[in-house]
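Hi,

Here is the structure I promised to pass on to you. Have a look at it first, and then read my notes below.

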Amino acid sequence: MYVGDDGEPGTTPKRNITWTSQFVDRLLTGYDKRMRPNFEGDTVRVNVDLFIIRIDNIAEVTMDFDTSMFLRQQWNDPRLRYNESITNIPPSGTLLDKIWLPDLFFFNEKDSHFHDITTDNVLVRFAGNGDVLYSMRLSVKVSCNMDFSRFPMDKQYCGMQLESYGYTAEELLFLWKPEGPLQMPEHTRHLQQYFVSETELLRCDKLYYTGNFSCIEVDFTFTRLLGYYWISYYVPSMLLVILSWVSFWINPLASPARVALGVTIVLTVTTQAISVHSILPKVSYVTAIDVWMLVCLMFVVASLLEYAMVHHLITLDEYNNDSICKILYKKILRRKNRKRAQQRMNQHEMQTLNLRAPNSTSEKDIEKQRINTRRKRHGIYVDRCSRLLFPVCFLIFNMIYWPSLLMDEKRQRNEFL
């Protein structure tokens, strides 16, 4: 309906404040905001577009992310038609309480708030043909069902769903704006630990027992950046594994050096593995970095066990002699008095020293020397084999670990879709 300054159709433009204010009051006279446009008629089509201001605080533990945006909705209300050649209604947010508005809400929203500094960040703009543009600035915390099986080489697919709360799809239909439905400046794609590699616009209409409701969805693909995890976890743990191989070049008789090195590395890798879980939720499945840390821990523990075997081979004869002397000493104390037992023990020790003398030419001493030499050679041979075996096994593990993660990426994407 086209109205002039006296309630009749007019042709002379009026631009003064008083006349425009009176014009808006007359335009809204008899307007019932409780009734949707085209009441009991055609479906109201609402075109929606988003301008992403920023995305931040992607939290793995709580599985959500924060985003700030301009949310714009546009629809046609025949009750608000007027002659644009006569006057122009300026954009304002004060008319929100006087007109009908779509009942849009965020389906997977955890928390949200409007911005009101320095004034309410909302506006309504009217066109002469009845088109209404409703724009607002708001921040939303959106939940996201994340999968960490490939962490930290993972991609998270997070969606944001916009749905009608009360009107069914026969009454209200949300659509993405044909031109520029999602505007996202390049700088907003680069986050601290992620990069927004893809965006996709979808429909997500919901069917409840109360009816079928219109829903639209925007999906973000967050690709994790590996720089932090390479520097903090992968490179240090790899160097620790390599450092554990240094013990293969240390003299097997230097027990304090090799044991201290092995135990220190085991504790360091264990601490690293525990610290990884402080940034993740308590998931019941194994992640990619769990596999890496577990294998690194197995390598450093294996190097420590390797030394235990080498040390046992080299010093086995000494342990056996000491054990025989202790057992013999206890038996003698049980049978004889302390004085005679001590004399026998002294005699036994003298015999043992004679057997160990370097100038001994007895056949028994020569045979023991051969056995000891053979065991020492076996221990040294184990060390030499480990110098090659451990690096080769670790290289094979890397050749399996990294390609399997790349192949698993396509499977994860298909499961999400």
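This is a predicted model: local features need pLDDT of at least 70, side-chain atom pairs count only at pLDDT 80 or more; totals for chains, interfaces and linings use all residues.

Residues are numbered from 1 along each chain as its sequence is written, and side-chain values use heavy atoms, with hydrogens and water left out.

Back to that pair. β3 and strand β7 (residues 155-164) run antiparallel and are joined by three bridges. The element names come from DSSP runs, numbered from the N terminus: helices are H or I with at least four residues, strands are E with at least two. Two strands pair if DSSP finds at least two bridges between them. In general, strands of a sheet pair through backbone hydrogen bonds, either parallel or antiparallel.

β3 and β7 belong to an open sheet of four strands, in the order β3-β7-β13-β10, with antiparallel pairing. Its edge strands are β3 (104-106) and β10 (194-203), each of which pairs on one side only. On average, neighbouring strands here are turned by 20° against each other, direction ignored (axes are lines fitted to C-alpha atoms, for helices over the stretch in contact, and angles run from 0 to 180 degrees between N-to-C directions).

Now find strand β1 (residues 44-59), which pairs in the parallel sense with strand β8 (residues 172-176) over five bridges. There, valine 44 has leucine 172 as its bridge partner. β1 also pairs with strand β9 (residues 182-183), again parallel, over two bridges, and phenylalanine 51 stands opposite glutamine 183. With strand β2 (residues 64-76) the pairing of β1 is antiparallel, over 10 bridges; isoleucine 55 is partnered by threonine 67 in β2. The hairpin of β1 and β2 has four residues between the strands, and methionine 63 takes a positive phi near 55° in it.

On to the helices. UniProt, in an unreviewed entry, places the feature "transmembrane region" at residues 228-250, 259-279, 285-305 and 385-402 (its positions are in the numbering used here, feature names are shortened, and annotations may be inferred rather than shown by experiment). In the model, residues 228-250 are 74% helix and 0% strand, with end C-alpha atoms 34 Å apart. For residues 259-279 the figures are 86% helix, 0% strand and 32 Å.

Valine 241 lies in α2 and counts as buried because its relative accessibility is 0% (buried means under 20% relative accessible area, exposed over 50%, partly exposed in between, with a 1.4 Å probe and protein chains only). Its C-alpha atom is separated by 8.9 Å from that of phenylalanine 394, 153 residues apart along the chain.

Cheers
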